[in-house]
Amino acid sequence: MTDFNDAISFSLAHEVAWPRDPHTDPAKWGVHHEDPPPYNRLRGPVHARGGVSGVIWRKGEELQSWGEPDRADLTFSVAKTYLALLAGVAHMRGLLPDLNEPVAARLAGIGFDSEHNRVVTWSHLLQQTSEWQGVCFGMPDQVEHHRRVSHDPKPPTGRKGEARALQMPGTYWEYNDVRINQLSLALLHLFRKPLPEVFEDAFLRPLGASGPFRWVGYDDAWVEIEGQRMQSVPGGSHWGGGVSISARDQARIGQLLLADGEHEGRRLLPAGWSRLLTTPCPIASFYGSLVWLNTDRKMFRDASPASWFMVGAGGHYVWIEPEHDAVIVVRWLDGAHASGFVSRVADALARR
């Protein structure tokens, strides 16, 4: 019997209530149906999922796994953090020297040229304070106005999708998947190469990722760059598409971040990039750069204040716990019981 059996049994007993196959009962799968019409539909492919799965690593060693840790499942907004990692690659390659530079200064003609948008910086996009206004592949930013997500302490002040007055970029925090997709489009234009290829070359191959990996976009999310047709991928699976990856490969990425971007003597991210990701947003201390923070233990009482999380709808958590040199991945866990799982893992880690 392992130290983590209680936590694992708890997770297996609290699987998210979504159907295993999204096509059997679409109204109970995903988050798109909460949007106002005509935006409450899938626009990219999705696929059947597995059950609750996970891995627990400490000091780079796998201590425990359960479920199907090698199954490639959709991760929803865990993919947001992958965009932040790609921004790090762009920085390391000299494509993005200054995160505080307005996007329009480097990329014209892709939606950042209006008087309001031309002051939006890369940092604003990474911290979800951009207030970017526009339409990204048919989806207006307004669809995500008044979005309510777990771990956001700010109460909603209007109905989802109801227009609100825009603020100056950098002065208002809002979880907005349309703006995230606009960030992804901007990164695509920076690299001038499909982001899934960049991600595989920069991270998955050097880390020795073992499972299948897919990152796909919406059916109509195609652009032409230097005569080549490329698909822009979303930072999640809100409207379909997104990243499919295994729990073990998610842990490999988490371990890279725990090691500040270095793997087997090779630097895959700029030194200090993990510190940058976990620097609290000036107007939202619970959030960094596309990662959730446990500032003052407000997210999870029993995780350390230094811990941070990649979080996706449907019960996806990648928990990076520096206090124990640990990375914990759990998938398809009912979010209402996430704190119970975290508490049990934290207790087991403390007793080792």
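In the predicted model, the lining of the largest cavity comprises three nonpolar, four polar and three charged residues. These lining residues are His124, Leu125, Gln128, Thr129, Ser130, Glu131, Tyr172, Glu174, Arg179 and Ile180. Two or more of the lining residues come from each of helix 3 (122-127) and helix 4 (177-191). The space in the largest cavity amounts to about 60 Å³. In total, six cavities of 30 Å³ or more are present in the structure.

The largest pocket was examined in the same terms. Its volume is about 540 Å³, and 30 residues line the pocket. Val31, Ser150, Gly312, Ala313 and Gly314 are the lining residues closest to the centre of the pocket. Divided by class, the lining of the largest pocket consists of 13 nonpolar, ten polar and seven charged residues.

The partner of Asp177 is Lys80, and the closest N and O atoms of the pair are 2.5 Å apart. The salt bridges of the structure number 30, with the Lys80–Asp177 pair among them.

Six strands form an open sheet in the order 2-1-15-14-13-12, and their pairing is antiparallel. At the edges of the sheet are strand 2 (61-66) and strand 12 (292-293), each of which pairs on one side only. In general, the strands of a sheet pair through backbone hydrogen bonds, in either a parallel or an antiparallel manner. Strand 1 (residues 53-58) and strand 2 run antiparallel and are joined by five bridges. Within this pairing, Ile56 has Gln64 of strand 2 as its bridge partner.

Helix 8 (residues 338-351) packs on the sheet. The strands touched by helix 8 are strand 1, strand 2, strand 14 (316-321) and strand 15 (326-331). The direction of helix 8 makes an angle of about 150° with that of strand 15.

Definitions and conventions. Residues are numbered from 1 along each chain as its sequence is written. This is a predicted model: local features need pLDDT of at least 70, side-chain atom pairs count only at pLDDT 80 or more; totals for chains, interfaces and linings use all residues. Side-chain values use heavy atoms; hydrogens and water are left out. Two strands pair if DSSP finds at least two bridges between them. Helices (H or I, at least four residues) and strands (E, at least two) are DSSP runs, numbered from the N terminus. Contact means heavy atoms within 4.5 Å. Axes are lines fitted to C-alpha atoms, for helices over the stretch in contact, and angles run from 0 to 180 degrees between N-to-C directions. On a 1 Å grid over the protein atoms alone, a cavity is a set of points where a 1.4 Å probe fits but cannot get out, and a pocket is an open set with protein on both sides within 12 Å along at least five of seven lines; lining residues have an atom within 4 Å of a point. Grid points are joined across faces, edges and corners, and a volume is the space filled by probe spheres set on the points. Ala, Val, Leu, Ile, Met, Phe, Trp, Tyr, Cys and Pro count as nonpolar, Asp, Glu, Lys and Arg as charged, and the others, Gly among them, as polar. A salt bridge is a side-chain nitrogen of Lys or Arg within 4 Å of a carboxyl oxygen of Asp or Glu.
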